[in-house]
Amino acid sequence: MKSANVPVMNTQQDRYPSRGASKAQLGKRLDPVIYADETGSGPIGQDLLRQYEENGFLVLDAVFSEQEIRSFQQELEQLKGDEQIAASGETITEPGNGEIRSIFRIHQISTVFKKLASDSRLAGLAQYLLNDQVYIHQSRLNYKPGFRGKEFYWHSDFETWHVEDGMPAMRALSMSITLTENHDTNGPLMLIPGSHQYYVVCEGETPKNHFKSSLRKQEYGVPSDHCLSQLTDQGGIVTATGKPGSVVVFDCNTMHGSNGNITPYPRSNAFFVYNAISNRVVAPFCDQPPRPEYICARETIDPVIVAARGG
Ligand code: 6CS
Ligand code: FE
């Protein structure tokens, strides 16, 4: 049995090679966007389904009630002030100051967010779009505090999850729930419509313990300027603004990022990443050891039991 700290290079055929000796280029997506069996009726109508397939994301407004939102916001503040979480080594702080940037594993450390992760409005929709049972690959709160909240540079989550976590195919999606108002000024999520149809191959070797820097400021697994320009020239840039309680559903491969926040108003969101059970991670497609469990579920892969809305 190899010890955990010896890189276990994946010998499986790599359908989405990136980094290492790769040259920056726009590859093609090899997997469907919609896996749903569209013969029956699903939780969203045909128009939203087509929009998701074409753009790679959907913005759903007013999904949660005022009361639900208040409970999420109280939990957001409670977790931020939790000394045990701060000392856990699993919290990411903002570059340049100790302010909380991200807290991971919220579906495990918080009763409120554990319930939210299995809510049918989220998990039920994920199961439908991915046409499989789903598990939480990663969950997190991104606080993006006011005044000095830093950016999340452009990236495809899938490129990181494939290369560094060993996610085989594009059969996963993220749901971002707005917890504070996402204005066009306080660093809202920006997405490039249609970018999910290209696999953006990145250059550079994945550094050792890359997650220790990438979650604060990502410099590897990011598109070249030329590739990014090709995507934005084609698809433009959409900012996902919304009041608390709205949901952005985005495909694992949709190119996205967000600017810094110098306004006094935090831009805090909760993210749940639903991966199809049939797409569980294998060994990383790079020569680094697997990332820790709080960033990528590997030991604990439990299918989400979808609960009735708010149930
Ligand atoms: O490395 C990751 O898994 C994380 N990085 C970003 C910027 N988005 C996805 C995910 O949270
Ligand atoms: Fe991301």
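## Close-up views of loops, a helix and a ligand site

**View 1. P168 lies in the loop between helix 7 and strand 7 (172-178).** Helices (H or I, at least four residues) and strands (E, at least two) are DSSP runs, numbered from the N terminus. This is a predicted model, in which local features need pLDDT of at least 70 and side-chain atom pairs count only at pLDDT 80 or more, while totals for chains, interfaces and linings use all residues. Residues are numbered from 1 along each chain as its sequence is written, chains are lettered from A and ligands numbered from 1 in the order in which they are written, and side-chain values use heavy atoms, leaving out hydrogens and water. P168 counts as partly exposed because its relative accessibility is 22%. The classes are buried (under 20% relative accessible area), exposed (over 50%) and partly exposed (in between), with a 1.4 Å probe and protein chains only. P168 and V238 are 70 residues apart in sequence. In space, their C-alpha atoms are 28 Å apart.

**View 2. R105 has a positive phi.** The angle is about 60°, although R105 is not a glycine. Most residues other than glycine have a negative phi. R105 sits in the loop between strand 4 (100-104) and helix 4 (106-109). Its relative accessibility is 24%, so R105 counts as partly exposed.

**View 3. K144 also shows a positive phi.** Here the value is about 35°, and K144 is not a glycine. Look for K144 in the loop between strand 5 and strand 6. K144 is buried because its relative accessible area is 1%.

**View 4. Helix 6 (residues 120-130) is mostly covered.** Nine of its 11 residues are buried. Among them are R121, L122, A123, G124 and L125. The buried set also includes A126, Y128, L129 and L130. After helix 6 comes N131. The phi of N131 is positive, near 50°.

**View 5. N269 lies in strand 13 (residues 269-276).** With a relative accessible area of 1%, N269 is buried. Its side chain makes a polar contact of 3.5 Å with the side chain of S176. A polar contact is a pair of N or O atoms within 3.5 Å; within protein, one must be able to donate a hydrogen and the other to accept it, and residues adjacent in sequence count only if both atoms are side-chain atoms.

**View 6. Ten residues can be picked out around ligand 1.** They are Q138, R140, F152, H155, D157, T160, W161, L215, Q218 and R291. Each has a heavy atom within 4 Å of the ligand. Three are nonpolar, four polar and three charged. Ala, Val, Leu, Ile, Met, Phe, Trp, Tyr, Cys and Pro count as nonpolar, Asp, Glu, Lys and Arg as charged, and the others, Gly among them, as polar.

**View 7. Side chains of Q138, R140 and H155 meet ligand 1.** A polar side-chain atom of Q138 is 2.7 Å from an oxygen atom of ligand 1. For R140, an N or O atom of the side chain lies 3.0 Å from a ligand oxygen. H155 has a side-chain N or O atom 3.1 Å from a nitrogen atom of ligand 1. On its own, ligand 1 has 300 Å² of accessible area, and the protein covers 96% of that (Shrake-Rupley method, 1.4 Å probe). Strand 5 (134-142), strand 6 (152-155) and helix 7 (157-163) each give two or more residues to the shell. Helix 7 gives the most, with three residues.
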